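Reader: Before we look at anything together, could you help me see how the words used for a structure follow from its numbers?

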2 protein chains.
Amino acid sequence: MGHAVGEVARMSGQTVRTLHHYDRIGLLVPAERTPADHRSYSHQDLERLRQILTYRELGFALGQIATLLDDPTAHTRTHLARQHRLVTERIDRLREVAQALEHLMEAETMNLNLTPAERLELFGDFDVDAHSEEAHRRWGRTDAYAQSQGRVNAYTKADWGRVNAESEEIYQALARTMREGTPADNTEAMDLAERHRAHITRWFYDCTPQIHRGLGRMYADDERFTATVDAHAEGLSAYLREAFAANAARLRDDQG
Amino acid sequence: MGHAVGEVARMSGQTVRTLHHYDRIGLLVPAERTPADHRSYSHQDLERLRQILTYRELGFALGQIATLLDDPTAHTRTHLARQHRLVTERIDRLREVAQALEHLMEAETMNLNLTPAERLELFGDFDVDAHSEEAHRRWGRTDAYAQSQGRVNAYTKADWGRVNAESEEIYQALARTMREGTPADNTEAMDLAERHRAHITRWFYDCTPQIHRGLGRMYADDERFTATVDAHAEGLSAYLREAFAANAARLRDDQG
DNA sequence: CCTTGCCCCTGACGCGACGTCAGGACCCAG
DNA sequence: CTGGGTCCTGACGTCGCGTCAGGGGCAAGG
């Protein structure tokens, strides 16, 4: 009926030393000891461990976790509900980070000079500061790290030259169709939008139609980008916004 | 042209001590010192700090970050692209966590006895183990923690009794409509589905129509849930899946 | 009966990423 | 010339473990 420490370690993906530690600090004291003084974890202990790991994944200190879990008024469901809220909040935060990175990459390709404050914007905000830890093990193991390295193509300066030329060409083509009076939701304009999206996906990150539509909005709404884009042709940023949106809608309809 | 350490600390949301630390270990050495030996950070230093903070948010150890950033073949855009990939991967992982929590909450309300292995499933998988840290400061400050506490209603045992009675009632009602031959996409069935969704949102977490549709699939596909649901009436789980999906589709169409 | 393995135990020290004083310098304002 | 604010460099403390070191329990095999 009881589980040995090694067994629990394997099941939970923790080390034995970690479980020893949790025992010592009173965070997770196994229900029993065998005659040979071995730790014996009950099912309740395991559920408690799950709670601990979830809170830990969310970044709580072990002491905090202890007070949370030892609160007698808190039911298991209370914890689950709270954990769920925290996880979704964290996801929202990371989406902001992802968007900021997309923003920065665009600024990079456009040679925009963002001020330090603009670049650090994401971190300057109140609560942000520290998350992390995750990778002390995840990237600490050299093999996992090497794998991660391998997956990132090491672009050369020549590559980046080509990237810039390519994106420049796409902008020129879009500026032309705009000047010719082609509506933004015309196939020709949408195809160019799609080419732009493919360009980003190829060189930077997986740019979904949704993200791409967001990019278009940014071009039109963020004056720094508007200025750079409209340098190609007056009103191009608004045109891009429409073309990207039309293309995204087209792709969604194709999907069903 | 240079920024003082306190200034940088405020902009980036870090403490002065942290910047001292990064200087000492050579991770971020300010470009200059004033005659009074004060640190003076250049714009490049600030961009490097931004890179550092992003990698740190993703959980890299400072030593790893140093080797990443000092790789001469890596361009700024290479880092941005890699960071973007890492962030989206992390989001995917957290979505799994959120779904697992939804799963566990359902199991809880149905009084399902999941095995320890099933409960720990999420953590047993290879790479998972440690994330976290985030909250040493975020929840370490007592006020922020208190706020988080306040937002979670402390349900009593009586409350949970009512919750169970309520969900039982909804299931009964749905079983009735099913037995009467009402199709799952009928308004009556969809209204009951919506009541179920509201019930979850009220007591557990913000259950979006999409999540709710996922729940319906789980009822039908996971045999442990199927057994419990079908105990009310044979085939109810499949009926729920259809009703939840129909309701989700209805809500989406209402939105536009 | 004794050895070999394997898993378990308890210290005790080490480390990474800072926090927290302690003691002192600079510099402008009143 | 006395504050107040910001800066500096040690040096020690903390948290969440990792990593030995030294030893026990127990089944299988020689």
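Author: Let us begin with H3(B), which is mostly covered, since 12 of its 15 residues are buried. Please keep in mind throughout that this is a predicted model.

Reader: Which residues of H3(B) are buried?

Author: Among them are Asp45(B), Leu46(B), Leu49(B), Ile52(B) and Tyr55(B).

Reader: What makes Tyr55(B) count as buried?

Author: The word buried is used under 20% relative accessible area, and Tyr55(B) has a relative accessibility of 0%, so Tyr55(B) counts as buried.

Reader: What is found at the start of H3(B), and what follows it?

Author: At the start of H3(B), a side-chain oxygen of Ser42(B) comes to within 3.4 Å of the backbone nitrogen of Gln44(B), and a polar contact requires a distance within 3.5 Å. H3(B) is followed by Gly59(B), which has a positive phi, near 100 degrees.

Reader: Why is H5(B) called largely enclosed?

Author: Of the 34 residues of H5(B), 26 are buried, and therefore H5(B) is largely enclosed by the rest of the structure. Helix H5 of chain B, residues 76-109, reaches 49 Å from its first C-alpha to its last, which is close to the 50 Å expected at 1.5 Å a residue.

Reader: How many aromatic pairs are there over all chains?

Author: The count comes to 6 aromatic pairs over all chains. One of them is formed by Tyr55(A) and Phe60(A), with 5.4 Å centre to centre and 80 degrees between the planes, and this pair is edge-to-face.

Reader: Why is the pair of Tyr55(B) and Phe60(B) called edge-to-face?

Author: Rings pair if their centres lie within 6.5 Å, and planes over 60 degrees apart count as edge-to-face. The ring centres of Tyr55(B) and Phe60(B) are 5.4 Å apart and their planes stand at 80 degrees, so the pair is edge-to-face.

Reader: Is Phe60(B) buried or exposed?

Author: Phe60(B) is buried, with a relative accessible area of 3%. In chain A, Phe60(A) counts as buried at 2% relative accessibility, and Tyr55(A) is buried with a relative accessible area of 0%.

Reader: What makes you say that a charge sits over the ring of Trp203(A)?

Author: The cut-off for the distance is within 6 Å of the ring centre, and the charged end of Arg202(A) sits over the ring of Trp203(A) at 4.6 Å from its centre. In chain B, Arg202(B) lies over the face of Trp203(B), also 4.6 Å from the ring centre.

Reader: Which residues are closest to DNA strand C?

Author: Of the 18 residues that surround DNA strand C, the closest are Arg39(A), Thr15(B), Arg17(B), Tyr22(B) and Leu62(B). The largest share of the surface near DNA strand C, 4 residues, comes from H2(B).

Technical notes. Residues are numbered from 1 along each chain as its sequence is written. Chains are lettered from A and ligands numbered from 1 in the order in which they are written. This is a predicted model: local features need pLDDT of at least 70, side-chain atom pairs count only at pLDDT 80 or more; totals for chains, interfaces and linings use all residues. Side-chain values use heavy atoms; hydrogens and water are left out. Rings of Phe, Tyr and Trp (its six-membered ring) pair if their centres lie within 6.5 Å; planes under 30 degrees apart count as stacked, over 60 as edge-to-face and the rest as tilted. Buried means under 20% relative accessible area, exposed over 50%, partly exposed in between (1.4 Å probe, protein chains only). A charge sits over a ring if NZ of Lys or CZ of Arg is within 6 Å of the ring centre and within 35 degrees of the ring normal. Helices (H or I, at least four residues) and strands (E, at least two) are DSSP runs, numbered from the N terminus. A polar contact is a pair of N or O atoms within 3.5 Å; within protein, one must be able to donate a hydrogen and the other to accept it, and residues adjacent in sequence count only if both atoms are side-chain atoms. A residue is near a molecule or strand if one of its heavy atoms lies within 4 Å of it. The expected span of a helix is 1.5 Å times one less than its number of residues.
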